Amino acid sequence: MKYHSTRANIKVDFTKSITTGLAENGGLYVPEHFPDLSYLKDNLVTDYQTFAKEFLKPFLAGSSLENKSSEIIKEALNFPLIYKNLNNNLSVLELFHGPTLSFKDFGARFLAQSLNALNKKHFILVATSGDTGSAVASSFSALENVNVVVLYPKGKISPRQEAQITCWSKNILAIAVDGVFDDCQLLVKQAFNDHWFINNLSLSTANSINIGRLLPQMSYYAYSAIKHYQKYQTNLNFVIPGGNLGNATACVYAKQLKLPIGNITIATNENKALVNYLESGKYQPNKTIQTLANAMDVGSPSNFERLKYLFDDFEKFKKNISAVSVSDQQIKQAILSGFNNFNYIMCPHTATAFYVAKLNNHTAQCVVATAEPSKFETIIEPIIKQVLPTPARLRALIERRQQNKNISPQLSELKLAIEATFFN
Ligand SMILES: *Cc1c(COP(=O)(O)O)cnc(C)c1O
């Protein structure tokens, strides 16, 4: 399998695509073709991990990691995937049973194990406003061949989120930047263009622009759709909460493999770039609006470029993807409705998808649940008027010893912090 850039005629293998992250002149790597994997729907499907090993093999084929794919998946996807029926028409695919309690553990752990399996030291530089940082830090913690620098805006993330970024082993350097998220992101961009960084560190990214994050995410859509098909002989429709659209793109890709996936609907919060595109045919990135579903507060979703590349024609795009924007008020309503009608508690991101699934309730819908609700207890508790228990694995993280450095948003300071930590 080769991966090529959305912007230029460059072809690379899996290893090269994940070590570089971004293709030249800002393009994103996408699979060169989508093999027909429809035979999988008639195979005996056992557990998710065994399935993922078989399913992901073609995507590593022809790269230096081909022979290590089973080992990578065994280490990376080592936590449960849970599918629940709420009623005949409504089900939930819970993706938050990994170490940092969001679906980002799937992608981050697979990328981490893949990079670590290469016989070379790599550096990951990542800016975060929350969930990505904790999933990435946790996934790479204590891995021998990769050092990670996580930049986050000082005082702008919750103490719980900060604890989950700053509690890992020595190869994870957590840096609180005096500034906002955009300052962190700008530092990452500057580093990728700076001689010292280019010459001294083998740099890559762990944001969802890295195809190594998207590939494993295809596997849970494939697995649950096949399980559903074998039981009911029908395709499974998904409603997916979308921010940067990585998770949704993974589902679109899985459907391209001729698996029994039905309609794909993306639920966004009030950041409407995708919804506006579907209405007007014009794509206009917007300034980010803050909402209750804050991990989806993205004004300019980076994976839109992958979707547009696949469905280059507007009519084709509309035929394959629908999207609905959900307001904060509707998020609250959905959280309350899930609790009252199904005794089901969900995070604000999952609530956007739940709201949209209820609108489409003439057909069966599977709501994709992206985070454990107790990560967002300050939002949920006042709505359901009940205290959420903190899961043991979240409590364990919060109680670990924390360590970080503090810098002003200057590349020279970032360089000094990295030297002091990793080159002494
Ligand atoms: C990151 C995140 C999302 C958005 O996922 P994308 O792949 O960026 O669209 C939704 N929910 C939660 C909890 C997240 O952490």
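Okay, let's start with helix α10: the elements covering its buried residues include β3 (29–31), α9, β10, β11, α12 (304–310) and β13 (365–369). Buried here means under 20% relative accessible area, with exposed being over 50% and partly exposed in between, using a 1.4 Å probe and protein chains only. Helices (H or I, at least four residues) and strands (E, at least two) are DSSP runs, numbered from the N terminus.

Before going on, a word on what we're looking at: this is a predicted model, where local features need pLDDT of at least 70, side-chain atom pairs count only at pLDDT 80 or more, and totals for chains, interfaces and linings use all residues. Residues are numbered from 1 along each chain as its sequence is written, and side-chain values use heavy atoms, with hydrogens and water left out.

Back to α10. Why do we call α10 largely enclosed by the rest of the structure? Because 9 of its 11 residues are buried. The buried ones are Gly-246, Asn-247, Ala-248, Thr-249, Ala-250, Cys-251, Val-252, Tyr-253 and Ala-254.

Now look at both ends of that helix. Leu-245 sits in the loop between β10 (236–241) and α10 (246–256). Its phi is positive, about 70 degrees, even though Leu-245 is not a glycine. For background, most residues other than glycine have a negative phi. Leu-245 also counts as buried, because its relative accessibility is 3%. Lys-258 belongs to the loop between α10 and β11 (261–268).

Next stop, helix α2. This one covers residues 48–60, so to speak, with 13 residues reaching 18 Å from first C-alpha to last, close to the 18 Å expected at 1.5 Å a residue. The expected span is 1.5 Å times one less than the number of residues. Where does α2 bend? At Glu-54, by about 25 degrees, and a proline, Pro-58, follows within four residues. The bend is the angle between axes fitted to the seven residues ending at a residue and the seven starting there.

Which residues of α2 are buried? Tyr-48, Phe-51, Ala-52, Phe-55, Leu-56, Phe-59 and Leu-60. In general, an α-helix has 3.6 residues a turn, so residues three or four places apart point the same way. The buried residues of α2 pack against β1 (3–5), α1 (14–20), α3 (69–76), α4 (104–116) and α9 (211–232).

Let's zoom in on Leu-60, which lies in α2. Leu-60 counts as buried because its relative accessibility is 1%. Not counting residues up to four places away in sequence, Leu-60 touches Phe-14, Leu-65, Glu-66, Ser-69, Ile-72 and Phe-110, where contact means heavy atoms within 4.5 Å. After α2 comes Gly-62, with a positive phi near 80 degrees.

From α4, Lys-104, Asp-105, Ala-108, Arg-109, Leu-111, Ala-112 and Leu-115 meet α5's Asp-131, Thr-132, Ala-135, Val-136, Ser-139 and Phe-140.

One strand deserves a look too. Leu-125 lies in β6 (residues 122–127), and it counts as buried because its relative accessibility is 1%. Leu-125 and Ser-204 are 79 residues apart in sequence, but their C-alpha atoms are 6.6 Å apart in space. Setting aside neighbours within four places, the contacts of Leu-125 are Val-149, Val-188, Ala-191, Leu-203, Ser-204 and Thr-205.

Last, the pair α14 and α15. In α14, the buried residues are Ile-331, Ala-334, Ile-335, Ser-337, Gly-338 and Phe-339, and what covers them includes α15 and α16 (377–384). Just after α14, Asn-343 has a positive phi of about 55 degrees. Over in α15 (residues 348–359) we find Pro-348, which counts as buried because its relative accessibility is 0%. Beyond its neighbours within four places in sequence, Pro-348 contacts Leu-292, Ala-293, Ile-331, Ile-335, Phe-376, Ile-379 and Ile-380.

That's my tour, thanks!
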